[in-house]
Amino acid sequence: MTEDSSANAAGDKRAMRIDVTLVRQLAELLDETQLTEIEVEDGDRKVRVARSVTVAAAPALVPAATPVAAPALAPAATPEPAPAPAAPPADAIKSPMVGTAYLSPEPGASPFIAVGDTVAAGATIVIIEAMKVMNPITAPAAGTVRAILIDNGQPVEYDQPLVVIA
């Protein structure tokens, strides 16, 4: 039985013929781009490849021994709440796509911008690689770079804050 005919093994003429090569290429693309899923549509055929992302849970605190009752007068300790993550600045330039962000035009080259630099409107500040295409992200207006919110080579999501220029 061939890979293409495995979906049609029962003789069901309505079964979708799976292009295993395409599925493997899509899976490789997921690994290369750090995406969690990708979907391709061709007419009435639709192929979706997804991978599950494992998020490491915080280790549970398990007492080593049976706890001893606290004295009646001891106040109960209240854990400090974790600080809320800082909200991204409202004036941040955001990613228009999912991909990998690069702060320089090529490996080893000096970065497009640094904190404190003055940039002109239309100047390239970041490149986002998506589907093997390098997409320049430009400054919408002239100003001074106040913050760079990403690292070189970091995967970015749609609408993720990248740079603050004021």
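This is a predicted model: local features need pLDDT of at least 70, side-chain atom pairs count only at pLDDT 80 or more; totals for chains, interfaces and linings use all residues.
Q: What makes up the secondary structure of the protein, and in which pattern does it follow along the sequence?
A: The protein has 1 helix and 10 strands. Read along the sequence, the pattern is α-β-β-β-β-β-β-β-β-β-β.

Q: How do you know how confident the predictor is in this model?
A: The confidence score, pLDDT, runs from 0 to 100. The protein averages a pLDDT of 78, and 68% of the residues score at least 70. Over residues 1–10, pLDDT stays under 50. For that stretch the model has 13 contacts beyond four places in sequence.

Q: Why is T100 called buried?
A: A residue is buried if its relative accessible area is under 20%. T100 has a relative accessible area of 10%, so T100 is buried. T100 is found in strand β4, which covers residues 99–102. Beyond the residues up to four places away in sequence, T100 touches I127, I128, E129, G153, Q154 and P155.

Q: Why is V47 called buried?
A: The value for V47 is 16%, and the cut-off is under 20%, so V47 is buried. V47 has its place in strand β2. Leaving aside neighbours within four places in sequence, V47 is in contact with L22, V23, L26, I38, E39 and V40. The C-alpha atoms of V47 and I18 are separated by 8.6 Å, although these residues lie 29 apart along the chain.

Q: What makes β10 largely enclosed by the rest of the structure?
A: In β10, 5 of the 5 residues are buried, and therefore this strand is largely enclosed by the rest of the structure. For the protein as a whole, buried residues make up 22% of the 166 residues.

Q: Which residues touch the most other members of the largest nonpolar core?
A: This core has 16 residues, and I125, V126, V163 and I165 touch the most other members. The elements that give two or more residues to the core are β6 (124–130) and β10 (161–165). A second, separate core of 6 residues includes L29, L30, V47 and V49.

Q: How do you know that I125 is in contact with residues beyond its neighbours in sequence?
A: Contact requires heavy atoms within 4.5 Å. Leaving aside neighbours within four places in sequence, I125 is in contact with I93, F112, I113, I137, T138, A139, V163 and I165.

Q: Why are β1 and β2 called paired strands?
A: Two strands pair if there are at least two bridges between them. Strand β1 (residues 37–42) and strand β2 (residues 45–50) are joined by 6 bridges, so they pair, and they run antiparallel. E37 stands opposite A50 in β2. The hairpin of β1 and β2 has 2 residues between the strands, and G43 takes a positive phi near 65°.

Q: How do you know that β10 pairs with both β3 and β8?
A: The requirement is at least two bridges. There are 3 bridges joining β3 to β10, and 3 bridges joining β8 (residues 143–148) to β10. Each of these values meets the requirement, so β10 pairs with β3 and with β8.

Q: Why do β3 and β5 stand at the edges of their sheet?
A: Their open sheet of 4 strands has the order β3-β10-β8-β5, with antiparallel pairing. β3 (92–94) and β5 (118–119) each have a single partner strand, so one side of each is left without a neighbour in the sheet.

Terms used:
Residues are numbered from 1 along each chain as its sequence is written. Side-chain values use heavy atoms; hydrogens and water are left out. Buried means under 20% relative accessible area, exposed over 50%, partly exposed in between (1.4 Å probe, protein chains only). A nonpolar core is a set of buried Ala, Val, Leu, Ile, Met, Phe, Trp, Tyr and Cys residues joined through side-chain atoms within 4.5 Å.
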